[in-house]
Amino acid sequence: MGGLEQRFPVPLKNFSVEIKGNNTDLVICRYDDHFLVMATQIGTMGTILHARKEEGVTVEPTFNVSVILGKRDEPMLLAITRQLIENISSSGSSMPLVLSLGLKDHSTETLKGIVSAVVENRLW
Amino acid sequence: MSSTSGIASDFVAASKSAVVSAGGVQVTTFTELVDEVTLHFQIIRLAKQIYVWIGSDSAKLGNLYAAAPTRPNNTVSATSILGGTSDNTGSGIARRLVLNTGLNIIVACNIPKNNPMLEANAEKKLIEKLITMGYSRPKSRFPGPELPSA
């Protein structure tokens with residue numbers, strides 16, 4: 001079993017920002033086949049969403065965004081997910097995204113705060 | 001950090017554990033040799049929930065499971081939330097982590113299928129690590145120490 005001086009194989013960033021007065025903890029991880037992003041203001045992962053790119057041969061890519069656990073009636077969560085998967089795609093990666101959002105409010109300001117904090121610290 | 005193999009000197013490097021904290025989130029990562037397979041563990045600890053990733057030779061995300069204690073009898077509910085349709089490697093780990101710790105858990109499991117010994121030993125390593133991080137087995141009639149009231 002050689003080659004043991006290896007870094008942990010999953011790059012990860014862990015940081016906090018304040019968004020609209022709420023302390024928000026963010027974690028961004030890059031696995032071999034997914035990005036994982038967690039944004040929480042409530043101490044749990046909250047709602048978990050999944051987004052992937054579907055690429056046609058000759059057409060623009062489309063994106064499939066869905067809730068896999070949690071609130072299914074909050075469109076702002078889907079909007080954040082969609083903005084992030086589009087950002088991933090335009091940065092050149094086709095990997096899907098698992099996003100967890102545990103937020104205290106679902107306002108536009110929070111949406112913009114989360115998206116910009118993640119994009120500034122992206123691993124793609 | 002101890003390793004499971006007899007060749008101690010080679011495996012000190014592989015068993016390094018790292019902890020990174022920011023805000024209310026603590027990330028612990030470590031690598032262990034379990035049954036001759038190198039397993040990577042990632043524990044992301046939030047105030048009221050824990051996310052765990054177990055990877056083996058690749059750093060793929062694997063199957064995602066959610067599990068939590070369920071009232072009234074502190075039974076455990078577990079469900080697959082991504083992947084896991086044709087194999088349920090890791091669902092037992094999620095379920096038993098909740099049984100042993102009383103925590104609300106999300107598990108991402110990417111270990112080889114059809115190897116129940118490996119699954120059981122990976123789970124043991126995880127529980128050992130959670131105990132060193134301060135989580136303890138809940139008493140039989142009471143919810144675990146980290147269980148939120150909701």
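**The helix pair and its sheet**

Modeller: α2(B) and α3(B) pack at an angle of about 35°, and their axes are 10 Å apart. Axes are lines fitted to C-alpha atoms, for helices over the stretch in contact, and angles run from 0 to 180 degrees between N-to-C directions. Helices (H or I, at least four residues) and strands (E, at least two) are DSSP runs, numbered from the N terminus. This is a predicted model: local features need pLDDT of at least 70, side-chain atom pairs count only at pLDDT 80 or more, and totals for chains, interfaces and linings use all residues. Residues are numbered from 1 along each chain as its sequence is written, chains are lettered from A and ligands numbered from 1 in the order in which they are written, and side-chain values use heavy atoms, with hydrogens and water left out.

From α2(B) come G92(B), I93(B), R96(B), L97(B), N100(B) and T101(B); they meet E119(B), E123(B), L126(B), I127(B) and L130(B) of α3(B). Contact means heavy atoms within 4.5 Å. The residues of this contact divide into five nonpolar, three polar and three charged. Here Ala, Val, Leu, Ile, Met, Phe, Trp, Tyr, Cys and Pro count as nonpolar, Asp, Glu, Lys and Arg as charged, and the others, Gly among them, as polar.

Now the sheet. Seven strands of chain B form an open sheet with mixed pairing, in the order β1-β2-β3-β4-β7-β5-β6. β1 (17-22) and β6 (75-82) of chain B stand at the edges with a single partner strand each, so one side of each has no neighbour in the sheet. Two strands pair if DSSP finds at least two bridges between them. Neighbouring strands are turned by 15° against each other on average, direction ignored.

Both helices pack on this sheet. α2 (residues 91-101) of chain B touches β4 (50-55), β5 (63-70), β6 and β7 (105-110) of chain B, and its direction makes about 30° with that of β5(B). α3 (residues 116-132) of chain B touches β1, β2, β3 and β4 of chain B, at about 40° to the direction of β3(B).

Last, the loop between α2 and β7 of chain B, where N104(B) lies. N104(B) is in contact with residues including K48(B), I50(B) and P69(B), leaving aside neighbours within four places in sequence. N104(B) and A67(B) are 37 residues apart in sequence but 6.3 Å apart in space, C-alpha to C-alpha.
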